[in-house]
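Thank you all for coming.

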Amino acid sequence: MTDHGLRAADYGTVSQSARLAAVQAPVIPIVGRWIAETPGTISLGQGIVSYGPPPQVMQAVATFGSTLAEHRYGPVEGSAELVGLIEEKLARENGITVRPASRLFVTAGGNQAFVNAVLAVTDPGDEVILPTPFYFNHEMAVVIAGAVPVGVPTTREYQLDVEATAAAITPRTRAIVTVSPNNPTGAVYPEQALRRVNQLCRDRGVFHIHDEAYEYFAYAPARHFSPGSIADAAAHTLSLYSLSKGYGMASWRVGYMVVPAGLWEAVNKIQDTLLICPPAASQAAAGAALRVGRAYPDGHTAQLDRMRHDIYETLSASDVPCEVPAVAGAFYYLIRVDSQLDSMTLAERLIREHKVATIPGSAFADSAPCSVRISYGALEPTAVEEGIGRLVRGLRAVGV
Ligand SMILES: Cc1ncc(COP(=O)(O)O)c(C=O)c1O
(Lines give C-alpha, C1' and ligand atoms only; values in the text may rest on other atoms or scores of the structure.)
Protein backbone atom coordinates (compact mmCIF):
# COMPACT_ATOMS: atom_id res chain seq x y z
CA MET A 1 0.00 0.00 0.00
CA THR A 2 1.12 3.55 -0.68
CA ASP A 3 0.53 6.70 1.37
CA HIS A 4 -2.67 7.22 -0.56
CA GLY A 5 -4.06 3.77 0.09
CA LEU A 6 -3.48 2.58 -3.45
CA ARG A 7 -1.90 -0.74 -4.36
CA ALA A 8 0.91 -0.85 -6.90
CA ALA A 9 -1.47 -2.65 -9.28
CA ASP A 10 -3.87 0.31 -9.18
CA TYR A 11 -1.30 2.32 -11.11
CA GLY A 12 -1.34 -0.06 -14.04
CA THR A 13 1.85 -1.11 -15.77
CA VAL A 14 4.66 1.38 -15.47
CA SER A 15 7.86 1.11 -17.42
CA GLN A 16 10.82 3.27 -18.29
CA SER A 17 10.99 5.04 -21.63
CA ALA A 18 11.91 2.81 -24.55
CA ARG A 19 14.65 5.30 -25.37
CA LEU A 20 16.28 4.79 -21.97
CA ALA A 21 15.84 1.05 -22.15
CA ALA A 22 18.13 1.16 -25.19
CA VAL A 23 20.92 2.92 -23.28
CA GLN A 24 23.77 0.65 -22.18
CA ALA A 25 24.06 0.10 -18.43
CA PRO A 26 27.01 2.00 -16.92
CA VAL A 27 29.91 -0.43 -16.69
CA ILE A 28 31.86 1.16 -13.83
CA PRO A 29 29.32 0.09 -11.14
CA ILE A 30 29.36 -3.48 -12.49
CA VAL A 31 33.15 -3.63 -12.28
CA GLY A 32 32.88 -1.92 -8.88
CA ARG A 33 30.67 -4.75 -7.62
CA TRP A 34 33.16 -7.39 -8.78
CA ILE A 35 35.92 -5.47 -7.00
CA ALA A 36 33.87 -5.21 -3.80
CA GLU A 37 33.31 -8.97 -3.92
CA THR A 38 37.07 -9.56 -4.32
CA PRO A 39 38.96 -7.91 -1.45
CA GLY A 40 42.56 -7.01 -2.22
CA THR A 41 41.89 -6.19 -5.88
CA ILE A 42 44.15 -3.55 -7.42
CA SER A 43 42.03 -1.33 -9.64
CA LEU A 44 43.40 -0.27 -12.99
CA GLY A 45 39.79 0.54 -13.80
CA GLN A 46 38.41 3.99 -13.22
CA GLY A 47 39.82 6.92 -15.17
CA ILE A 48 40.90 9.24 -12.38
CA VAL A 49 44.21 10.69 -11.22
CA SER A 50 46.05 9.73 -8.03
CA TYR A 51 46.25 13.29 -6.70
CA GLY A 52 43.74 15.82 -5.40
CA PRO A 53 43.51 19.54 -6.12
CA PRO A 54 46.18 22.11 -5.19
CA PRO A 55 45.96 23.41 -1.57
CA GLN A 56 44.78 26.81 -2.80
CA VAL A 57 41.49 25.13 -3.70
CA MET A 58 40.81 24.09 -0.13
CA GLN A 59 41.76 27.58 1.10
CA ALA A 60 39.20 29.10 -1.26
CA VAL A 61 36.57 26.65 -0.10
CA ALA A 62 37.30 27.39 3.58
CA THR A 63 36.35 31.02 3.11
CA PHE A 64 33.44 30.38 0.77
CA GLY A 65 29.93 31.36 1.87
CA SER A 66 30.60 34.42 4.01
CA THR A 67 28.21 36.54 1.95
CA LEU A 68 24.51 35.87 1.36
CA ALA A 69 24.97 36.24 -2.40
CA GLU A 70 27.12 33.11 -2.41
CA HIS A 71 24.06 31.10 -1.33
CA ARG A 72 21.79 32.35 -4.09
CA TYR A 73 21.38 31.43 -7.74
CA GLY A 74 24.04 32.89 -9.96
CA PRO A 75 24.36 33.50 -13.71
CA VAL A 76 23.31 30.55 -15.92
CA GLU A 77 26.66 30.50 -17.73
CA GLY A 78 28.72 30.67 -14.53
CA SER A 79 30.07 33.46 -12.34
CA ALA A 80 31.56 36.43 -14.16
CA GLU A 81 34.80 35.86 -12.27
CA LEU A 82 35.19 32.22 -13.29
CA VAL A 83 34.05 32.87 -16.86
CA GLY A 84 36.72 35.58 -17.10
CA LEU A 85 39.44 33.28 -15.72
CA ILE A 86 38.49 30.54 -18.17
CA GLU A 87 38.42 32.92 -21.12
CA GLU A 88 41.96 34.01 -20.22
CA LYS A 89 43.05 30.38 -19.93
CA LEU A 90 41.53 29.49 -23.30
CA ALA A 91 43.32 32.37 -24.99
CA ARG A 92 46.63 31.60 -23.28
CA GLU A 93 46.73 27.81 -23.48
CA ASN A 94 44.38 26.79 -26.28
CA GLY A 95 44.58 29.72 -28.69
CA ILE A 96 40.79 30.12 -28.47
CA THR A 97 39.23 33.58 -28.45
CA VAL A 98 35.79 33.14 -26.94
CA ARG A 99 33.95 36.33 -27.82
CA PRO A 100 32.31 37.52 -29.99
CA ALA A 101 32.07 34.43 -32.24
CA SER A 102 31.64 31.93 -29.36
CA ARG A 103 30.24 31.79 -25.86
CA LEU A 104 31.32 30.00 -22.72
CA PHE A 105 29.30 27.95 -20.25
CA VAL A 106 30.61 26.50 -16.99
CA THR A 107 29.04 23.06 -16.57
CA ALA A 108 28.81 20.27 -14.02
CA GLY A 109 31.78 18.50 -15.58
CA GLY A 110 32.65 17.60 -19.14
CA ASN A 111 29.83 15.06 -19.15
CA GLN A 112 27.16 17.71 -18.72
CA ALA A 113 28.89 19.81 -21.36
CA PHE A 114 28.51 16.91 -23.77
CA VAL A 115 24.81 16.43 -22.91
CA ASN A 116 24.27 20.17 -23.45
CA ALA A 117 26.03 19.90 -26.81
CA VAL A 118 24.04 16.93 -28.06
CA LEU A 119 20.70 18.36 -26.94
CA ALA A 120 21.56 21.68 -28.58
CA VAL A 121 22.47 20.32 -32.01
CA THR A 122 20.26 17.26 -32.57
CA ASP A 123 16.62 16.47 -33.11
CA PRO A 124 15.34 12.94 -32.49
CA GLY A 125 16.55 10.63 -35.24
CA ASP A 126 19.54 12.81 -36.17
CA GLU A 127 22.93 11.12 -36.36
CA VAL A 128 26.09 11.82 -34.40
CA ILE A 129 29.36 10.30 -35.61
CA LEU A 130 31.53 8.80 -32.89
CA PRO A 131 34.93 7.32 -33.79
CA THR A 132 35.17 3.89 -32.13
CA PRO A 133 36.17 2.80 -29.59
CA PHE A 134 34.30 5.66 -27.89
CA TYR A 135 33.86 7.04 -24.37
CA PHE A 136 30.69 5.23 -23.29
CA ASN A 137 28.97 8.26 -21.76
CA HIS A 138 29.13 10.00 -25.15
CA GLU A 139 27.18 7.22 -26.80
CA MET A 140 24.78 7.05 -23.86
CA ALA A 141 24.11 10.81 -24.12
CA VAL A 142 23.36 10.55 -27.84
CA VAL A 143 20.85 7.74 -27.25
CA ILE A 144 19.28 9.53 -24.28
CA ALA A 145 18.75 12.54 -26.56
CA GLY A 146 16.89 10.34 -29.04
CA ALA A 147 19.64 10.72 -31.63
CA VAL A 148 21.50 7.90 -33.34
CA PRO A 149 25.17 7.17 -32.62
CA VAL A 150 27.08 6.21 -35.77
CA GLY A 151 30.35 4.49 -34.95
CA VAL A 152 33.29 4.88 -37.34
CA PRO A 153 36.23 2.59 -36.53
CA THR A 154 39.60 4.18 -35.90
CA THR A 155 42.78 2.62 -37.29
CA ARG A 156 44.73 -0.24 -35.72
CA GLU A 157 46.73 2.45 -33.86
CA TYR A 158 43.46 4.11 -32.77
CA GLN A 159 43.99 7.11 -35.05
CA LEU A 160 41.14 8.87 -36.87
CA ASP A 161 40.14 7.51 -40.27
CA VAL A 162 39.09 10.79 -41.86
CA GLU A 163 38.00 9.21 -45.17
CA ALA A 164 35.73 6.73 -43.39
CA THR A 165 34.39 9.55 -41.23
CA ALA A 166 33.55 11.59 -44.34
CA ALA A 167 31.87 8.57 -45.92
CA ALA A 168 29.67 8.12 -42.83
CA ILE A 169 28.10 11.58 -43.17
CA THR A 170 24.45 11.49 -44.27
CA PRO A 171 21.77 14.19 -44.55
CA ARG A 172 20.86 13.34 -40.93
CA THR A 173 24.36 13.86 -39.53
CA ARG A 174 24.51 16.78 -37.12
CA ALA A 175 27.90 16.39 -35.50
CA ILE A 176 31.24 14.58 -35.50
CA VAL A 177 32.75 13.95 -32.07
CA THR A 178 36.48 13.71 -31.43
CA VAL A 179 38.28 13.16 -28.13
CA SER A 180 42.01 13.89 -27.89
CA PRO A 181 43.92 12.76 -25.89
CA ASN A 182 41.51 9.88 -26.06
CA ASN A 183 39.56 7.83 -23.59
CA PRO A 184 39.62 4.79 -23.84
CA THR A 185 42.60 4.42 -26.18
CA GLY A 186 45.18 6.97 -25.02
CA ALA A 187 45.68 8.12 -28.62
CA VAL A 188 46.58 11.74 -29.30
CA TYR A 189 45.33 12.98 -32.66
CA PRO A 190 47.85 15.06 -34.59
CA GLU A 191 46.98 18.66 -35.37
CA GLN A 192 46.68 17.81 -39.06
CA ALA A 193 44.02 15.13 -38.47
CA LEU A 194 41.96 17.44 -36.26
CA ARG A 195 42.24 20.20 -38.85
CA ARG A 196 40.95 17.82 -41.51
CA VAL A 197 37.96 16.78 -39.39
CA ASN A 198 37.19 20.38 -38.56
CA GLN A 199 37.37 21.35 -42.23
CA LEU A 200 35.17 18.38 -43.12
CA CYS A 201 32.59 19.58 -40.62
CA ARG A 202 32.67 23.07 -42.06
CA ASP A 203 32.39 21.83 -45.65
CA ARG A 204 29.53 19.47 -44.89
CA GLY A 205 27.61 21.75 -42.53
CA VAL A 206 27.90 19.67 -39.36
CA PHE A 207 29.21 20.56 -35.92
CA HIS A 208 32.59 19.42 -34.62
CA ILE A 209 32.29 18.52 -30.93
CA HIS A 210 35.80 18.14 -29.52
CA ASP A 211 36.40 16.85 -25.99
CA GLU A 212 39.65 18.02 -24.40
CA ALA A 213 39.18 16.56 -20.90
CA TYR A 214 42.74 15.16 -21.08
CA GLU A 215 44.38 18.26 -22.58
CA TYR A 216 47.25 18.20 -20.06
CA PHE A 217 48.11 14.55 -20.71
CA ALA A 218 49.86 14.52 -24.09
CA TYR A 219 53.39 13.18 -23.76
CA ALA A 220 56.23 14.58 -25.88
CA PRO A 221 56.74 14.52 -28.78
CA ALA A 222 52.93 14.37 -29.06
CA ARG A 223 51.33 17.80 -28.72
CA HIS A 224 47.85 18.77 -27.66
CA PHE A 225 45.93 20.77 -30.25
CA SER A 226 42.59 22.58 -29.91
CA PRO A 227 40.60 22.72 -33.17
CA GLY A 228 38.63 25.60 -31.67
CA SER A 229 41.75 27.70 -32.32
CA ILE A 230 41.49 27.26 -36.10
CA ALA A 231 40.58 30.48 -37.90
CA ASP A 232 36.86 30.49 -38.77
CA ALA A 233 36.20 27.34 -36.70
CA ALA A 234 34.08 29.17 -34.14
CA ALA A 235 30.74 28.91 -35.97
CA HIS A 236 30.75 25.09 -36.10
CA THR A 237 33.06 24.00 -33.26
CA LEU A 238 32.16 23.09 -29.69
CA SER A 239 35.15 22.58 -27.35
CA LEU A 240 34.63 20.73 -24.06
CA TYR A 241 36.88 20.80 -20.99
CA SER A 242 37.07 19.40 -17.49
CA LEU A 243 38.84 20.12 -14.21
CA SER A 244 38.31 16.52 -13.11
CA LYS A 245 41.50 15.07 -14.55
CA GLY A 246 44.17 17.77 -14.71
CA TYR A 247 43.37 19.35 -11.36
CA GLY A 248 42.30 16.17 -9.57
CA MET A 249 38.81 17.57 -8.97
CA ALA A 250 36.48 14.84 -10.20
CA SER A 251 34.03 15.17 -7.31
CA TRP A 252 33.69 18.94 -7.68
CA ARG A 253 31.90 18.53 -11.01
CA VAL A 254 33.34 21.44 -12.92
CA GLY A 255 33.86 21.58 -16.64
CA TYR A 256 33.16 24.12 -19.34
CA MET A 257 32.27 24.41 -22.98
CA VAL A 258 32.91 26.88 -25.76
CA VAL A 259 29.96 26.97 -28.15
CA PRO A 260 29.25 28.90 -31.35
CA ALA A 261 27.46 32.15 -30.56
CA GLY A 262 24.59 30.83 -32.71
CA LEU A 263 24.02 28.03 -30.19
CA TRP A 264 23.99 30.32 -27.17
CA GLU A 265 20.20 30.48 -26.96
CA ALA A 266 19.78 26.70 -27.21
CA VAL A 267 22.48 25.88 -24.66
CA ASN A 268 21.18 28.60 -22.37
CA LYS A 269 17.74 26.92 -22.33
CA ILE A 270 19.24 23.49 -21.62
CA GLN A 271 21.62 24.72 -18.94
CA ASP A 272 18.88 26.79 -17.29
CA THR A 273 16.70 23.69 -17.10
CA LEU A 274 19.35 21.18 -16.00
CA LEU A 275 21.46 23.26 -13.67
CA ILE A 276 20.03 26.82 -13.33
CA CYS A 277 23.58 27.80 -12.45
CA PRO A 278 26.78 25.89 -11.77
CA PRO A 279 27.22 25.19 -8.01
CA ALA A 280 28.80 28.29 -6.49
CA ALA A 281 31.16 26.49 -4.09
CA SER A 282 32.55 24.40 -6.91
CA GLN A 283 33.03 27.51 -9.01
CA ALA A 284 35.03 29.13 -6.20
CA ALA A 285 37.15 25.98 -6.02
CA ALA A 286 37.64 25.96 -9.79
CA GLY A 287 38.67 29.60 -9.82
CA ALA A 288 41.37 28.88 -7.25
CA ALA A 289 42.64 25.95 -9.33
CA LEU A 290 42.80 28.03 -12.50
CA ARG A 291 44.73 30.76 -10.68
CA VAL A 292 47.35 28.13 -9.80
CA GLY A 293 47.35 27.23 -13.47
CA ARG A 294 48.71 24.49 -15.65
CA ALA A 295 51.96 24.19 -13.69
CA TYR A 296 49.89 22.02 -11.35
CA PRO A 297 48.77 19.33 -13.81
CA ASP A 298 52.10 19.61 -15.62
CA GLY A 299 53.84 18.74 -12.36
CA HIS A 300 52.23 15.30 -12.41
CA THR A 301 52.79 14.21 -15.98
CA ALA A 302 56.45 13.09 -15.76
CA GLN A 303 55.48 10.28 -13.37
CA LEU A 304 52.58 9.25 -15.60
CA ASP A 305 54.84 9.27 -18.64
CA ARG A 306 57.31 6.94 -16.87
CA MET A 307 54.48 4.55 -16.04
CA ARG A 308 53.29 4.75 -19.64
CA HIS A 309 56.75 3.67 -20.83
CA ASP A 310 57.12 0.90 -18.24
CA ILE A 311 53.69 -0.57 -18.95
CA TYR A 312 54.36 -0.55 -22.67
CA GLU A 313 57.67 -2.38 -22.18
CA THR A 314 56.09 -4.98 -19.92
CA LEU A 315 53.00 -5.69 -22.00
CA SER A 316 54.85 -5.68 -25.33
CA ALA A 317 57.01 -8.63 -24.29
CA SER A 318 56.54 -11.49 -26.72
CA ASP A 319 55.29 -13.89 -24.02
CA VAL A 320 52.35 -11.66 -23.02
CA PRO A 321 49.38 -12.59 -25.24
CA CYS A 322 48.22 -9.13 -26.13
CA GLU A 323 48.71 -6.29 -28.59
CA VAL A 324 49.49 -2.86 -27.16
CA PRO A 325 49.19 0.06 -29.60
CA ALA A 326 51.87 2.66 -28.76
CA VAL A 327 49.88 5.70 -27.67
CA ALA A 328 50.98 9.05 -26.30
CA GLY A 329 48.20 10.43 -24.17
CA ALA A 330 45.76 10.38 -21.27
CA PHE A 331 46.55 7.53 -18.83
CA TYR A 332 45.09 4.60 -20.70
CA TYR A 333 46.03 1.62 -22.77
CA LEU A 334 43.36 -0.34 -24.59
CA ILE A 335 45.00 -3.70 -25.18
CA ARG A 336 43.79 -6.42 -27.55
CA VAL A 337 44.07 -9.80 -25.90
CA ASP A 338 44.68 -13.10 -27.71
CA SER A 339 42.02 -15.11 -25.92
CA GLN A 340 38.85 -17.05 -26.61
CA LEU A 341 37.08 -15.11 -23.87
CA ASP A 342 34.89 -12.10 -24.55
CA SER A 343 35.94 -8.80 -22.99
CA MET A 344 33.39 -8.86 -20.18
CA THR A 345 34.29 -12.39 -19.10
CA LEU A 346 37.99 -11.58 -19.23
CA ALA A 347 37.53 -8.48 -17.06
CA GLU A 348 35.52 -10.45 -14.51
CA ARG A 349 38.02 -13.30 -14.38
CA LEU A 350 40.96 -10.93 -14.04
CA ILE A 351 39.32 -9.56 -10.93
CA ARG A 352 38.06 -12.79 -9.39
CA GLU A 353 41.11 -14.95 -10.20
CA HIS A 354 43.98 -12.44 -10.37
CA LYS A 355 42.76 -9.50 -8.28
CA VAL A 356 43.31 -6.85 -10.89
CA ALA A 357 40.52 -4.68 -12.30
CA THR A 358 40.33 -3.31 -15.84
CA ILE A 359 37.39 -2.12 -17.94
CA PRO A 360 36.10 -4.43 -20.70
CA GLY A 361 36.65 -3.04 -24.20
CA SER A 362 33.07 -3.94 -25.15
CA ALA A 363 31.86 -1.02 -22.99
CA PHE A 364 33.57 1.30 -25.48
CA ALA A 365 32.22 -0.57 -28.54
CA ASP A 366 35.71 -1.80 -29.31
CA SER A 367 35.55 -4.09 -32.33
CA ALA A 368 38.27 -6.37 -30.95
CA PRO A 369 36.58 -9.51 -29.59
CA CYS A 370 38.67 -9.45 -26.42
CA SER A 371 40.14 -6.22 -25.08
CA VAL A 372 40.45 -4.34 -21.81
CA ARG A 373 41.26 -0.76 -20.89
CA ILE A 374 44.00 -0.19 -18.35
CA SER A 375 44.05 3.07 -16.42
CA TYR A 376 47.39 3.89 -14.79
CA GLY A 377 46.42 7.33 -13.52
CA ALA A 378 44.74 6.53 -10.24
CA LEU A 379 47.49 4.73 -8.30
CA GLU A 380 51.05 5.29 -7.15
CA PRO A 381 53.74 3.67 -9.35
CA THR A 382 54.38 0.72 -7.01
CA ALA A 383 50.69 -0.22 -6.97
CA VAL A 384 50.48 0.14 -10.75
CA GLU A 385 53.54 -2.10 -11.12
CA GLU A 386 51.97 -4.73 -8.88
CA GLY A 387 48.68 -4.44 -10.79
CA ILE A 388 50.41 -4.83 -14.16
CA GLY A 389 52.26 -7.88 -12.81
CA ARG A 390 48.94 -9.45 -11.87
CA LEU A 391 47.52 -8.51 -15.25
CA VAL A 392 50.41 -10.20 -17.05
CA ARG A 393 49.90 -13.39 -15.01
CA GLY A 394 46.16 -13.24 -15.71
CA LEU A 395 46.63 -12.70 -19.46
CA ARG A 396 49.04 -15.62 -19.64
CA ALA A 397 46.49 -17.77 -17.84
CA VAL A 398 43.67 -16.98 -20.30
CA GLY A 399 45.66 -16.41 -23.49
CA VAL A 400 45.37 -18.71 -26.49
C1 LIG B 1 36.61 11.85 -22.68
C2 LIG B 1 35.97 12.22 -21.40
N3 LIG B 1 35.16 13.28 -21.36
C4 LIG B 1 34.55 13.65 -20.24
C5 LIG B 1 34.72 12.93 -19.07
C6 LIG B 1 33.95 13.33 -17.86
O7 LIG B 1 34.59 14.32 -17.18
P8 LIG B 1 33.86 15.12 -16.06
O9 LIG B 1 34.26 14.54 -14.75
O10 LIG B 1 34.38 16.52 -16.27
O11 LIG B 1 32.39 15.04 -16.30
C12 LIG B 1 35.55 11.83 -19.05
C13 LIG B 1 35.72 11.04 -17.82
O14 LIG B 1 36.25 9.97 -17.79
C15 LIG B 1 36.18 11.46 -20.25
O16 LIG B 1 36.97 10.40 -20.30
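Predicted model: local features only at pLDDT ≥ 70, side-chain atom pairs only at ≥ 80, totals over all residues.

Let me begin with the ligand, which has 13 residues around it, and of these Gly110, Asp211, Tyr214, Ser242 and Ser244 come nearest; a residue counts as near a molecule or strand if one of its heavy atoms lies within 4 Å of it. Residues are numbered from 1 along each chain as its sequence is written, and side-chain values use heavy atoms, with hydrogens and water left out.

Which side chains make polar contacts with the ligand, a polar contact being a pair of N or O atoms within 3.5 Å (within protein, one must be able to donate a hydrogen and the other to accept it, and residues adjacent in sequence count only if both atoms are side-chain atoms)? An N or O atom in the side chain of Tyr214 is 2.6 Å from an oxygen atom of the ligand, a polar side-chain atom of Ser242 also lies 2.6 Å from a ligand oxygen, and for Lys245 the distance from a side-chain N or O atom to an oxygen of the ligand is 2.7 Å. Taken alone the ligand exposes 400 Å², and the protein buries 93% of that, where accessible areas come from the Shrake-Rupley method with a 1.4 Å probe and, for residues, only the protein chains shown count as cover.

By class, the shell around the ligand has four nonpolar, six polar and three charged residues; here Ala, Val, Leu, Ile, Met, Phe, Trp, Tyr, Cys and Pro count as nonpolar, Asp, Glu, Lys and Arg as charged, and the others, Gly among them, as polar. Helix H5, residues 109-121, gives the most to this shell, with three residues; helices (H or I, at least four residues) and strands (E, at least two) are DSSP runs, numbered from the N terminus.

The space taken by the ligand is the largest pocket, and a molecule sits in a cavity or pocket if more than half of its atoms lie within 2 Å of its grid points. On a 1 Å grid over the protein atoms alone, a pocket is an open set with protein on both sides within 12 Å along at least five of seven lines, whereas a cavity is a set of points where a 1.4 Å probe fits but cannot get out, and lining residues have an atom within 4 Å of a point. About 510 Å³ of space lies in the largest pocket, with grid points joined across faces, edges and corners and the volume being the space filled by probe spheres set on the points. Of the 26 residues that line the largest pocket, Gly47, Asn111, Tyr135, Asn137 and Lys245 are the closest to its centre.

The second largest pocket holds about 320 Å³, and H10 gives the most to its lining, with six residues.

There is also one cavity of 30 Å³ or more, with about 90 Å³ of space in the largest cavity, and among the 16 residues that line it, Pro131, Pro133, Phe134, Val179 and Asn182 lie nearest its centre.

Finally, the backbone. The peptide bond from Arg99 to Pro100 is cis, with omega near 10 degrees, and another cis peptide bond joins Ala220 and Pro221, with omega about 5 degrees.
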